[in-house]
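Visitor: Before we start, could you let me look at the model, and then take my questions about how its terms are applied?

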Amino acid sequence: MNWPEGIQARPIDKGDVEAWAELMAAKERADEDGENFGAEDLAEELELPHLDLAKDTIGLWSGDRMIGYGIAHVRTNVVDVDRVNTEGTIDPEWRRQGLGTTLMRWLIQRAGELHTATHPDSPGLVGAGASSTNTGADRLLRNLGFEEARYFFDMRRPLDQPVPAAQVPDGLRLRAYDTSYEEALRQAHFEAFSDHWGWSPPTTEAWRARNVGSRAFRGAQSYYVLDGDTVAAYVNGYEWEADTEVTGVRELYIGQVGTRRAYRGRGLARAALAKVLAKAAEAGYQRAALGVDADNPTGALGLYEGLGFVTHKKFISYQLPLD
């Protein structure tokens with residue numbers, strides 16, 4: 001890539017996380033996506049087992065200030081399409097100078113390299129995302145040939161409102177997470193999400209890093225419906241301390257909700273989520289939040305609305321075919 005004079009481009013490493021966190025804070029102030037990450041959160045991102053930091057990441061620098069970054073995420077497995085998802089941003093003060101377009105072209109190029117190296121016999125796509133109000137990102141992606149593929153809703157619910165009662169059927173039981181259920185949870189999650197758009201099973205190590213092994217994971221605010229030792233349904237809760245510091249609102253983010261196929265239609269996810277909301281309120285959380293696919297095949301949107309969640313923001317998933 002031909003970067004402007006004075007801009008240095010190099011891979012990201014853990015020594016960059018403070019500058020990266022400052023960049024992400026500037027992005028949030030401008031874009032208002034509702035995402036705040038601290039340096040420790042970003043350091044954890046760099047530990048994801050699928051990332052080759054030297055090849056899959058790029059930081060753009062003006063002196064000692066990070067003014068942009070990009071990451072391409074390889075898929076270890078493919079179900080239907082090899083979707084190489086990307087993320088990145090340009091500091092708001094440096095936008096509208098062509099840097100975003102050049103950065104996205106770098107990400108497209110790296111996505112193509114990853115696709116060729118890992119799953120060349122499957123159709124390949126580059127994935128990118130932005131909020132529906134981010135007109136600059138929408139224009140940039142469309143100019144590069146991306147098209148809208150899917151819509152996701154960011155939903156919120158204040159926790160000072162009563163939680164509707166929901167019981168589990170006889171013979172099943174609710175309990176909070178503990179480490180002895182880690183593998184049972186992984187198996188339940190892989191089955192529950194196998195019919196969701198864009199899903200491909202990660203490695204066990206990658207799943208753990210993003211879920212129960214994450215520093216944001218809150219086991220005390222994660223509940224499961226058990227049938228014996230089988231996890232029939234589950235709700236996983238997360239908390240980003242950096243977000244609380246910025247917003248002043250202690251929020252429990254509902255990262256995953258799922259029900260194994262044989263147990264669907266019995267209200268198990270509703271019961272687990274109601275339990276999580278009630279326990280979160282008792283623990284001092286002020287708000288719950290989650291993201292949901294607008295076309296989720298299991299009726300998740302109706303479930304969340306029935307428990308008092310309302311849509312706060314819409315996000316768009318874009319995709320570009322790889323030649």
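Visitor: Where does R96 lie?

Guide: R96 is placed in the loop between strand 4 (82-90) and helix 4 (99-118), where helices (H or I, at least four residues) and strands (E, at least two) are DSSP runs numbered from the N terminus. This is a predicted model, in which local features need pLDDT of at least 70 and side-chain atom pairs count only at pLDDT 80 or more, while totals for chains, interfaces and linings use all residues. Residues are numbered from 1 along each chain as its sequence is written, and side-chain values use heavy atoms, with hydrogens and water left out.

Visitor: Why is R96 called exposed?

Guide: Exposed means over 50% relative accessible area, buried under 20%, and partly exposed in between, with a 1.4 Å probe and protein chains only. R96 has a relative accessible area of 76%, so it is classed as exposed. Its phi, near 65°, is positive in a residue other than glycine.

Visitor: What makes E32 exposed?

Guide: The relative accessible area of E32 is 56%, which lies over the 50% limit, and therefore E32 counts as exposed. E32 is found in the loop between helix 1 (17-31) and helix 2 (39-45), and it has a positive phi of about 55° although it is not a glycine.

Visitor: Why is strand 2 described as largely enclosed by the rest of the structure?

Guide: Strand 2 (residues 57-62) has 5 of its 6 residues buried, so it is largely enclosed by the rest of the structure.

Visitor: What joins strand 1 to strand 2?

Guide: Strand 1 (residues 8-10) is joined to strand 2 by 3 bridges, and the two run antiparallel; Q8 stands opposite W61 in strand 2.

Visitor: What is meant by a nonpolar core, and which residues have the most contacts inside the largest one?

Guide: The term covers a set of buried Ala, Val, Leu, Ile, Met, Phe, Trp, Tyr and Cys residues joined through side-chain atoms within 4.5 Å. The largest such core has 32 residues, and those with the most contacts inside it are I254, L273, Y304 and F309. Its largest share, 9 residues, comes from helix 9.

Technical notes: Two strands pair if DSSP finds at least two bridges between them.
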